[in-house]
Amino acid sequence: IILMAGLVQVFWQVDLTLVREGIPGWDESSHMGDGAILLKLLRDGEILMAFERFYTMNLWPPFFRLVTMPLYAVGGYEFYWARGLVLATFIAVGPVLGVIAARLSPQVPNLAALVAAGLWLTSPFVLAFSGLAMLEIPGVLLTLGSLLFYLRWLQCHKLRDLRLCLLMATCLFFTKYNYGVLWFAVLMGHQWVSQPKLRQWVGGLFRQAITQRIWRQPVFVFFGLYLLVLLVVLSMGGLEFEVWDRAVTLKKLGNPSYGFALLLGIYLAIRFRISPQVAWRGWLKAGPEVQAVFGFVLAPMLLWFCNPLNWAAFVSFLFNHERLGHGGGVFSAENLLFYPTLLSDQYWTSPAHSFLLIAVLGLALLTWRQLSSSLRLVLLAGGLYFALLVIHRHHAPRHLVIFFPWACLLLAQGPQLLGSFSRTLVRQQRALGGAFV
């Protein structure tokens, strides 16, 4: 039903989504064109050129481009293939949201699924935005897919669910850096809160480092001085020089941080020299969960960031340029109300949904102890996403797309939270009545 509703919604307003005339510009042209260029280089037999083109997609990572290549191979070099792919992800988000909402609301699963999916599929801004080959909506689908498998892993502890969760999270990272970093932060934070053994292990390492006073070792003194000199150089405007006739700039954190990571890696490789046999035995003893994290997350990232250009672009991408979109500061009223106003005016079909969302959040706080661990995860993740959006220096209407599915999930929990709150009131009234008697 949800999938059919999404298709009807798209075809009903197809003029807003798929049919767009003119050559795409700015970000969209890169998202569309890189996959076509890669495909053409491969068809022409330019393997090395294709590899170079792939390995230097540093500002926007390559996953979306790789997905568009089969579409171009089958249907030709047309813009609407990339736009149609984003439109398909918009429709697919509806059923995925419905499945997650149903899992979070076991008492009223069908109602929660219809509410969450309906709010997404009827959003005016998201529907119009789904006709552009931008990375926000594919990022939403990968985030929700990873969330779904993570919730399944928390319930059943099947290794396949964990692997799929990590795989989709890594694909998210290689689709849009900031989305991937945010989602990995949520996963690590939830594991930190829910796993006492992990906290004990990290605490033991920290106490051991303090006891041994490792910061007094010469190598750590060197790294400390390196960071100090780096901060001084950057505060003075940076440096420019040449190494082997190649220009090197030290004006941002990208190149210096790569040099720091390279020196640290060399030191660790020399300090902890391990034979292949010992490394293989350690790999077998690590357990399937650790192996999945290394194989699906760490190994692809290490291979990608071996290129200094990729690392420099990643660091600079995290520290985006300042453009609030209004005259106020970060904590001004204009800034704090920018996204709430945008949510009411352009994302919801009615501003009343914002007031309902506030009411649902109030119910969640009142019944916090009765909430499941999965619902707490969704609440904390949604709060983190929204808080980072508000304090981020670059404001734009499309940035709210990543928060909107969390808002849909939270609003869909309203019926269950209301029932839980009413039962709590009944129990309290009975307890007060018994105490009075």
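Modeller: A helix is here a DSSP run of H or I with at least four residues, and helices are numbered from the N terminus. The model under discussion is predicted.

Colleague: How many helices and strands has the protein chain?

Modeller: The protein chain comprises 437 residues, of which 40% count as buried. Among its contacts between residues at least 6 apart in sequence, 73% join residues at least 24 apart. The secondary structure of the chain amounts to 23 helices and 2 strands.

Colleague: Are α9 and α11 roughly parallel or roughly antiparallel to each other?

Modeller: Helix α11 covers residues 177-194, and its axis is 10 Å from that of α9, with a packing angle of about 15°. Angles under 35 degrees count as roughly parallel. The relation of α9 to α11 is therefore roughly parallel.

Colleague: Which residues of α11 does α9 meet?

Modeller: The crossing of the two helices, α9 and α11, is right-handed. The residues of their contact comprise 7 nonpolar, 5 polar and 1 charged. On the α9 side they are Glu-136, Gly-139, Thr-143, Ser-146, Leu-147, Tyr-150, Trp-153 and Leu-154, and these meet, in α11, Tyr-179, Trp-183, Leu-187, His-190 and Gln-191.

Colleague: Against which helices do the buried residues of α10 pack?

Modeller: Helix α10, residues 159-173, has 15 residues and reaches 21 Å between its end C-alpha atoms, close to the expected 21 Å. Its buried residues include Asp-161, Leu-162, Cys-165, Leu-166 and Ala-169. The helices that the buried residues of α10 pack against are α5 (63-75), α9, α11, α16 (288-304) and α17 (308-318).

Colleague: How far apart in space are Tyr-258 and Cys-306, C-alpha to C-alpha?

Modeller: Tyr-258 belongs to helix α14, residues 254-271, and counts as buried because its relative accessible area is 18%. Residues up to four places away in sequence aside, Tyr-258 touches Phe-305, Cys-306, Asn-307, Pro-308 and Trp-311. In sequence, Tyr-258 and Cys-306 are separated by 48 residues, whereas in space their C-alpha atoms are apart by 9.2 Å.

Colleague: Does Ser-344 count as buried or exposed?

Modeller: Ser-344 is part of helix α19, residues 338-347. Beyond its neighbours within four places in sequence, Ser-344 is in contact with Ser-350, Pro-351 and Ser-354. The limit for a buried residue is under 20% relative accessible area. The relative accessibility of Ser-344 is 15%, so this residue counts as buried.

Terms used. Residues are numbered from 1 along each chain as its sequence is written. This is a predicted model: local features need pLDDT of at least 70, side-chain atom pairs count only at pLDDT 80 or more; totals for chains, interfaces and linings use all residues. Side-chain values use heavy atoms; hydrogens and water are left out. Axes are lines fitted to C-alpha atoms, for helices over the stretch in contact, and angles run from 0 to 180 degrees between N-to-C directions. Angles under 35 degrees count as roughly parallel, over 145 as roughly antiparallel, 65 to 115 as roughly perpendicular and the rest as oblique. A crossing is left-handed if the near helix is turned anticlockwise from the far one by less than a right angle, and right-handed if clockwise. Contact means heavy atoms within 4.5 Å. Ala, Val, Leu, Ile, Met, Phe, Trp, Tyr, Cys and Pro count as nonpolar, Asp, Glu, Lys and Arg as charged, and the others, Gly among them, as polar. The expected span of a helix is 1.5 Å times one less than its number of residues. Buried means under 20% relative accessible area, exposed over 50%, partly exposed in between (1.4 Å probe, protein chains only).
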